[in-house]
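Student: Hey, could you walk me through this one? I'd like to start with the inside.
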Amino acid sequence: MIADDHLAIRSGIRDILSAEYASLHFGEAVDSDDVFHKLDAESWDMVILDIDLPGKGGLDVLRRMTAENISIPVVVMSFHREQRIMELAMQCGALRYVTKDDADTRLVPAVNEIFAG
């Protein structure tokens, strides 16, 4: 599932990942409520999560996923490059952190690492 409030970003992420994983089904969520609605409705292999979602932000989504024992791997994607934000995302449960500026070169390797275990 790709969780980002911007259609252009969701489309770009889908394009990047589709080139590597053509057979995957991609779902989309536009805010934190939509993320949990989709988590309840379907089974997901992974969530690509924007840290700046409307409503509850990505860090709150991560905290809630942890509190509710939702054990789906999460890659946080953000424009934020600050080390403290990256560390906080990882402390909240993200397995990888990729900046949106680096998505074209770092997203697929991050996803590969998660799929590899």
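This is a predicted model: local features need pLDDT of at least 70, side-chain atom pairs count only at pLDDT 80 or more; totals for chains, interfaces and linings use all residues.

Student: Okay, how many residues has the largest nonpolar core?
Tutor: It has 24 residues. Val-35, Leu-39, Leu-49, Leu-62 and Val-76 are the ones with the most contacts inside it.

Student: And which elements give two or more residues to this core?
Tutor: Helices H2 (32–41), H3 (58–67) and H4 (83–91) do, along with strands E3 (47–50) and E4 (74–78). The most comes from H3, which gives 4 residues.

Student: What does Leu-49 touch?
Tutor: Leaving out residues up to four places away in sequence, Leu-49 touches Ala-3, Gly-58, Val-61, Leu-62, Val-74, Val-75, Val-76 and Met-77. There's also another core, lying apart from the largest one, with 15 residues, including Tyr-21, Ile-48, Met-77 and Val-98.

Student: Switching to helices: at what angle do H2 and H3 pack?
Tutor: About 30°, and their axes are 10 Å apart. Angles under 35 degrees count as roughly parallel, so H2 is roughly parallel to H3. The crossing of H2 past H3 is right-handed.

Student: Which residues in H2 and H3 meet there?
Tutor: From H2 you have Ser-32, Val-35, Phe-36 and Leu-39, and they meet Val-61, Arg-64 and Met-65 in H3.

Student: How do the residues of that contact divide into nonpolar, polar and charged?
Tutor: For H2 with H3, there are 5 nonpolar, 1 polar and 1 charged.

Definitions and conventions. Residues are numbered from 1 along each chain as its sequence is written. Side-chain values use heavy atoms; hydrogens and water are left out. A nonpolar core is a set of buried Ala, Val, Leu, Ile, Met, Phe, Trp, Tyr and Cys residues joined through side-chain atoms within 4.5 Å. Buried means under 20% relative accessible area, exposed over 50%, partly exposed in between (1.4 Å probe, protein chains only). Contact means heavy atoms within 4.5 Å. Axes are lines fitted to C-alpha atoms, for helices over the stretch in contact, and angles run from 0 to 180 degrees between N-to-C directions. Angles under 35 degrees count as roughly parallel, over 145 as roughly antiparallel, 65 to 115 as roughly perpendicular and the rest as oblique. A crossing is left-handed if the near helix is turned anticlockwise from the far one by less than a right angle, and right-handed if clockwise. Ala, Val, Leu, Ile, Met, Phe, Trp, Tyr, Cys and Pro count as nonpolar, Asp, Glu, Lys and Arg as charged, and the others, Gly among them, as polar.
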